[in-house]
Amino acid sequence: GADVSVPAAASLAAVASDRAKMLLDRLVAAQLVDEHTPGRYTLHDLLRVYATQLAHTINTDEQRHAAAHRILDHYLHTAHAAERLLTPGADPISVTPPQPGVSPEHPVDYQQALAWFTAEHAVLVAAVDRAAATGFDTHTWQLAWTLRNFLDRRGQWRDWAATGRAAVAAAGRLADPTAQARAHRILAGAYTTLGRLDDAHIELGHAVDLSARTGDQVGQARTRYALAVLWERRGRPAEALDHARRALDLYRAAGHRAGEAMTLNAVGWCHAQLGDHRQALTYCQQALTLLQDLDDRPMQAHTWESLGYAHHHLGQHARAFACYRQALILARESGDRYNEATTLAHLGDTHHAAGAHTAAQDAYRQALAILDDLDHLDADTVRAKLATPGPTPLTSHPTVEPTSG
């Protein structure tokens with residue numbers, strides 16, 4: 001990547017963090033390294049080339065391989081810990097213990113985890129490429145797995161797809177069917193969000209076969225859930241509801257409460273798309289109660305939005321406003337920019353229906369600014385809302401969350 005933190009440099013060199021800081025400060029004083037922001041170091045391109053030449057002259061292949069292993073371990077173990085805080089409902093992966101000399105970082109809460117991913121985003125994407133190019137196939141797919149939710153929430157969908165493709169190739173080389181199923185779901189989620197629905201369907205077909213072959217009930221549930229998202233995006237809510245119900249049955253049979261809660265919201269959303277808004281409220285309220293018990297705040301944001309949507313279509317505007325505002329608080333807290341944008345767009349629809357046209361226009365403008373920044377196709381739909389007197393439904397909706405484990 002373009003730069004390195006003190007903890008990552010310490011793991012790379014297999015030294016204590018305070019010694020790494022002292023050595024980096026010496027390099028800064030010698031004008032060989034630049035501390036371009038507090039705690040993050042980079043160097044000029046020519047010095048980077050020279051350092052690379054020295055590494056190949058002074059260090060053996062084994063030493064360089066060991067150093068690469070340590071730095072990849074550092075990023076993988078820290079990213080895994082951060083992802084557990086970012087997405088409490090996700091199923092953890094099994095990572096091997098780090099190499100001697102590695103000191104992973106330990107974010108303690110959601111905001112620290114989000115800040116770490118934000119600071120290391122470019123480095124982590126580069127680490128996936130580096131791992132794939134140097135034979136670290138397990139690191140490749142596992143790093144991609146840890147990144148998928150962060151990349152989705154920040155609208156970095158092309159990075160999500162690129163790391164997903166690397167994960168599929170790496171898992172295929174490992175011939176590990178469980179890893180392969182996860183990798184195909186990673187890539188399918190990115191393709192679904194990018195509107196490459198046929199490609200997503202192919203990836204999920206592979207995931208269905210692989211999960212069935214291994215008897216992975218939770219993996220089958222996650223794949224059915226992803227298929228529900230896909231069919232909803234195709235504008236086929238009846239097919240989406242069928243897959244969501246099958247996912248719900250599988251999650252309940254496995255005793256997987258987080259998956260059950262997520263899928264209850266999906267079932268409710270599908271009912272809303274079919275016009276049965278009271279049934280939607282029933283399922284989404286069940287989802288919200290369970291999600292609050294699990295303290296899964298990012299998924300609560302999606303469920304509050306589903307509830308707002310159902311209340312809006314029942315003409316219960318005050319309740320819709322309250323739900324959308326709660327969804328906005330949680331979406332902003334979790335850094336989920338696309339969910340924030342779609343919530344603002346639906347809030348604008350409710351303002352419009354209630355006759356508050358100025359408030360509606362303001363909500364639409366805020367949504368459009370985010371969607372334009374994300375370069376998302378929904379921006380055109382929101383632009384049309386600003387130009388026409390009546391609300392136009394979005395082409396897609398994030399409450400059936402595309403991310404799967």
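**Close-up 1. Glu260 and Arg252 meet in a salt bridge.** The N to O distance between the two side chains is 3.1 Å. A salt bridge here is a side-chain nitrogen of Lys or Arg within 4 Å of a carboxyl oxygen of Asp or Glu. This is a predicted model, in which local features need pLDDT of at least 70, side-chain atom pairs count only at pLDDT 80 or more, and totals for chains, interfaces and linings use all residues. Residues are numbered from 1 along each chain as its sequence is written, and side-chain values use heavy atoms, with hydrogens and water left out. Glu260 counts as buried because its relative accessibility is 19%. Arg252 is at 41%, so Arg252 counts as partly exposed. The cut-offs are these: buried is under 20% relative accessible area, exposed is over 50%, and partly exposed is in between (1.4 Å probe, protein chains only).

**Close-up 2. Glu340 and Arg332 form a salt bridge.** Their closest N and O atoms are 2.9 Å apart. Glu340 is buried, at 14% relative accessible area. Arg332 is partly exposed, at 43%.

**Close-up 3. Arg234 pairs with Asp198.** This is one of 20 salt bridges in the structure. The closest N and O atoms lie 2.9 Å apart. Helices are DSSP runs (H or I, at least four residues), strands are runs of E (at least two), and both are numbered from the N terminus. Arg234 is partly exposed, at 30%. Asp198 is exposed, at 54%.

**Close-up 4. The largest pocket has a volume of about 1,800 Å³.** A pocket is found on a 1 Å grid over the protein atoms alone: an open set of points with protein on both sides within 12 Å along at least five of seven lines. Lining residues have an atom within 4 Å of a point. The volume is the space filled by probe spheres set on the points. Of the 43 lining residues, Leu12, Arg48, Ala51, Thr52 and Ala55 are the closest to the centre. Elements that give two or more residues to the lining include helix H1 (6-13), helix H2 (17-29) and strand S3 (40-42). By class, the lining has 30 nonpolar, eight polar and five charged residues. Nonpolar means Ala, Val, Leu, Ile, Met, Phe, Trp, Tyr, Cys and Pro; charged means Asp, Glu, Lys and Arg; the others, Gly among them, are polar.

**Close-up 5. Tyr50, Leu54 and Ile58 make a nonpolar surface patch.** Its area is about 310 Å². Patch residues have over 30% relative accessible area and no salt bridge, and nonpolar side chains (Val, Leu, Ile, Met, Phe, Trp, Tyr) are joined within 5 Å. Leu54 lies in helix H3 (residues 45-58). Leu54 is partly exposed, at 33%.

**Close-up 6. Arg173 and Thr138 are 9.6 Å apart in space, C-alpha to C-alpha.** In sequence, the two are 35 residues apart. Arg173 is part of helix H7 (residues 157-174). At 48%, Arg173 is partly exposed.

Note on methods
Patches are made of residues with over 30% relative accessible area and no salt bridge: like charges are joined within 9 Å, nonpolar side chains (Val, Leu, Ile, Met, Phe, Trp, Tyr) within 5 Å. Accessible areas come from the Shrake-Rupley method with a 1.4 Å probe; for residues, only the protein chains shown count as cover. On a 1 Å grid over the protein atoms alone, a cavity is a set of points where a 1.4 Å probe fits but cannot get out, and a pocket is an open set with protein on both sides within 12 Å along at least five of seven lines; lining residues have an atom within 4 Å of a point.
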